[in-house]
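Hi there,

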Amino acid sequence: MAKVEILFLLLTLKLMSLQYMTEAAEHVVGGDSAWIIPTKNPSLYSSFAATTTFRINDTLVFNFPTGVHNVVTLSQKHYQTCNVTDIIESFNTSPAKITLNRTGDFYFACAFPSHCSLGQKLSIHVTAGGSSSLTPSEAPPHSRAPTLLAVTVPVLLMAVATNLLFHCY
C-alpha cells in the first residue's frame, strides 16, 4: 500500500512541476524591419508591444548593424525622457538577445545620438508564465532564482519519493 501512496505522490509532484515548465518564446523586435529608427512606421515598437504577450524567460532579439545601433536598458524615468546616458545595461553587438527574467515593465532604447527621441525605443510588460504570482518587487532585476526554485523543489521532491519507492521493504 505504501508504494501506491508514493506513486500517487510522484504523479502529483510531476503535475505540480509542469505548471512552471512553459515554452519560452523568442520575439524578434521590429520583425522584418529589425531594430531601426522607425521613420516609415512611428508606431512600429508600440504596436509590437501591444500585440505581443511577453512572459518570464522569453527572449527579445534585437537585430541591427553593429556600430550603427545598440540596445540599452533604462529606468522608466530615463525611458520617458530618452536619457540614454544613465543606462542599466548596454548591448553593442547584434543580435542582442535579452532574456526577460522577471515580471513587470522593461524599457529599451538605442543610445546613439537622437535615435531614442526619433522613436527607436521599446517598453514592454512581462507577465508570469504559468501560475506564478511573482511581482516586480519580489524578483530583483536580472534574477532567475524564483523560476529556478519553482522547478527545482518539485524535482527534488520527486527524487526523494522515487528513492523511497525503490527502497521500501
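First, some housekeeping. This is a predicted model, in which local features need pLDDT of at least 70 and side-chain atom pairs count only at pLDDT 80 or more, while totals for chains, interfaces and linings use all residues. Residues are numbered from 1 along each chain as its sequence is written, and side-chain values use heavy atoms, with hydrogens and water left out.

Helices (H or I, at least four residues) and strands (E, at least two) are DSSP runs numbered from the N terminus, and two strands pair if DSSP finds at least two bridges between them.

Three bridges pair β1 with β3 (residues 59-62) in the parallel sense, and His27 stands opposite Leu60 in β3.

There is one salt bridge by the rule used, namely a side-chain nitrogen of Lys or Arg within 4 Å of a carboxyl oxygen of Asp or Glu. The side chains of Lys97 and Glu26 form it, at 3.9 Å from N to O. Lys97 belongs to β6 and Glu26 to β1, so the pair ties together parts that are 71 residues apart in sequence. Glu26 counts as exposed, at 53% relative accessibility (buried means under 20% relative accessible area, exposed over 50%, partly exposed in between, with a 1.4 Å probe and protein chains only).

Asn63 sits in the loop between β3 and β4 and is partly exposed at 29% relative accessibility. Leaving aside neighbours within four places in sequence, Asn63 is in contact (heavy atoms within 4.5 Å) with Val28, Ala34, Trp35, Ser94 and Pro95. Asn63 and Ala96 are 33 residues apart in sequence, with their C-alpha atoms 6.7 Å apart.

The other sheet to look at is open too, with five strands in the order β2-β8-β7-β4-β5 and mixed pairing. Its edge strands, β2 (54-55) and β5 (89-91), each pair on one side only. Five of the six residues of β7 (residues 104-109) are buried, so the rest of the structure largely encloses this strand. β7 runs antiparallel to β8 (residues 121-127), joined by six bridges; Gly104 has Val126 as its bridge partner in β8. β7 also pairs with β4 (residues 71-73) in the antiparallel sense, over two bridges. Phe108 is the bridge partner of Thr73 and stands opposite Leu122 in β8.

Finally, the cysteines. The whole structure has one disulfide, defined as a pair of cysteine sulfur atoms within 2.5 Å. It joins Cys82 to Cys116, with 2.1 Å from S to S. Cys82 is in the loop between α3 (76-81) and β5, and Cys116 in the loop between β7 and β8, 34 residues apart. The torsion about their S-S bond is about -75°, so the disulfide is left-handed. Cys116 is buried at 4% relative accessibility. Cys110 is buried as well, with a relative accessible area of 0%; its sulfur is 8.6 Å from the closest cysteine sulfur, in Cys116, too far for a bond.

Best wishes
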